[in-house]
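This report is an introduction for a reader who has not seen the structure before. It takes up the ligand site, the domains, the core and a few loop residues in turn.

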Amino acid sequence: MARRRQIYEGKAKVLFEGPEPGTLVQYFKDDATAFNNKKKGTITGKGVLNNRISEYLMIKLGEIGIPTHFVRRLNMREQLVREVEIIPLEVVVRNISAGSLAQRFGLSEGTPLPRSIVEYYFKSDALGDPMVAEEHITAFGWATTQDIDELMSMSLRVNDFLTGLFLGVGIRLVDFKLEFGRLYNGDDMQIVLADEISPDNCRLWDLKTGEKMDKDRFRRDLGNVEDAYQEVARRLGILPEGGPRDLKGPETMQ
Ligand SMILES: Nc1ncnc2c1ncn2[C@@H]1O[C@H](COP(=O)(O)OP(=O)(O)OP(=O)(O)O)[C@@H](O)[C@H]1O
Ligand SMILES: [Mg+2]
């Protein structure tokens, strides 16, 4: 097979040039990082699971009319996506207090919020992804007021849909992070959901026991990280054929 050009290597994924112009291949690694790269590790099989989970959720969101970058899954660790111009924002939607929100406002973790809260962070590892307001976003030209309205309404639709989907499998969607990008078609520009949706960027708590089923298990050294990711996939009905053993099956990266 011809060598593909590597475009970018991030903390959790590698991007390769896709087979057609305007496409990319996302390769999902087992690498895990937390606290702005200060903590590093590996979660065996994570890449395979996140590739599947993100595929599943992006397809479901596509079905309810949310435009996404997802084209198709290629193999165990890779998916084909449309190449977009990433908007340099992390859009965080929160339903229950946890993580930095709990800290910042002195709330105990697990307090339901009066309503869903949408927050924006500037994507910059060097600066530690600082939280920003609409004022910064428009003043620095990262997005227009109109774009922000669109990001907000898409994020809330994603939240409503995913909250219901996860509740259906006994999981509480506490919060999550989204990334969006711009797709150009002549003079037209469309904002689409990009990156990934997986237990790496969602907080997922078991509805009955409250047990964490996401990257907080890694951040906080709670153990059984792989099992938790696998359980999310299992509940969504997407564990690879052959079960967990298949996580070590064939995959492509050159
Ligand atoms: N469809 C897309 N087109 C172009 N870039 C994309 C697309 N989807 C995701 N990306 C970008 O690809 C990278 C994915 O790699 P990864 O998640 O490992 O990055 P990261 O280490 O989290 O770094 P970053 O701070 O850049 O997000 C991210 O920078 C993400 O913004
Ligand atoms: Mg990332």
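## Ligand site

Three strands, S2 (13-17), S7 (78-82) and S12 (171-185), each contribute at least two residues to the shell around ligand 1. The model is predicted. The shell around ligand 1 consists of 19 residues, and the closest of them are Gly10, Lys11, Lys13, His69 and Ala194.

Sorted by class, the residues around ligand 1 are eight nonpolar, three polar and eight charged. Both domain 1 (6-84 + 224-248) and domain 2 (85-206) take part in the shell around ligand 1, each with at least three residues.

## Domains and record

The domain assignment divides the protein chain into domain 1 (6-84 + 224-248) and domain 2 (85-206). Taken over C-alpha atoms, the centres of domain 1 and domain 2 are 18 Å apart. In the model, the span 6-235 is 30% helix and 36% strand, and its end C-alpha atoms are separated by 34 Å.

## Contact between the domains

Where the two domains meet, 22 residues of domain 1 are in contact with 26 residues of domain 2. On the side of domain 1 that touches domain 2, the elements giving two or more residues are helix H1 (46-63) and helix H6 (225-235). Helix H1 gives the most to that side, with seven residues. By class, the residues on the side of domain 1 that touches domain 2 are 13 nonpolar, six polar and three charged.

In soluble globular proteins, nonpolar side chains tend to be buried together. The largest nonpolar core in this model has 51 residues, of which Val91, Leu173, Phe180, Leu204, Tyr229 and Val232 touch the most other members. Domain 1 and domain 2 each supply at least three residues to this core.

One of these residues, Val232, touches Ile53, Pro199, Leu204 and Met213, when residues up to four places away in sequence are not counted.

## Residues with positive phi

Most residues other than glycine have a negative phi. Asp195 has a positive phi, near 60 degrees, and is not a glycine. Asp195 lies in the loop between strand S13 (188-194) and strand S14 (202-206). Is Asp195 buried or exposed? Asp195 is buried, because 24 other C-beta atoms lie within 10 Å and 20 or more are enough for that class.

Asn224 also has a positive phi, of about 50 degrees, although it is not a glycine. Asn224 is in the loop between helix H5 (216-219) and H6. Asn224 counts as partly exposed, because it has 13 C-beta neighbours inside 10 Å, and that class lies between 12 or fewer for exposed and 20 or more for buried.

## Thr111

Thr111 is located in the loop between helix H2 (99-105) and strand S10 (112-122). Thr111 is partly exposed, because 13 other C-beta atoms lie within 10 Å.

Which residues does Thr111 contact, leaving aside its neighbours within four places in sequence? Thr111 is in contact with Ile96 and Ser97.

Key
Residues numbered from 1 in each chain as written. Chains lettered and ligands numbered in written order. Predicted model: local features only at pLDDT ≥ 70, side-chain atom pairs only at ≥ 80, totals over all residues. Near = placed C-beta within 6 Å. Helix = DSSP H or I, 4+ residues; strand = E, 2+ residues; numbered from the N terminus. Nonpolar A, V, L, I, M, F, W, Y, C, P; charged D, E, K, R; others polar. Domains from an automatic or database assignment. Contact = placed C-beta atoms within 7 Å. Core = buried A, V, L, I, M, F, W, Y, C linked by C-beta atoms within 7 Å.
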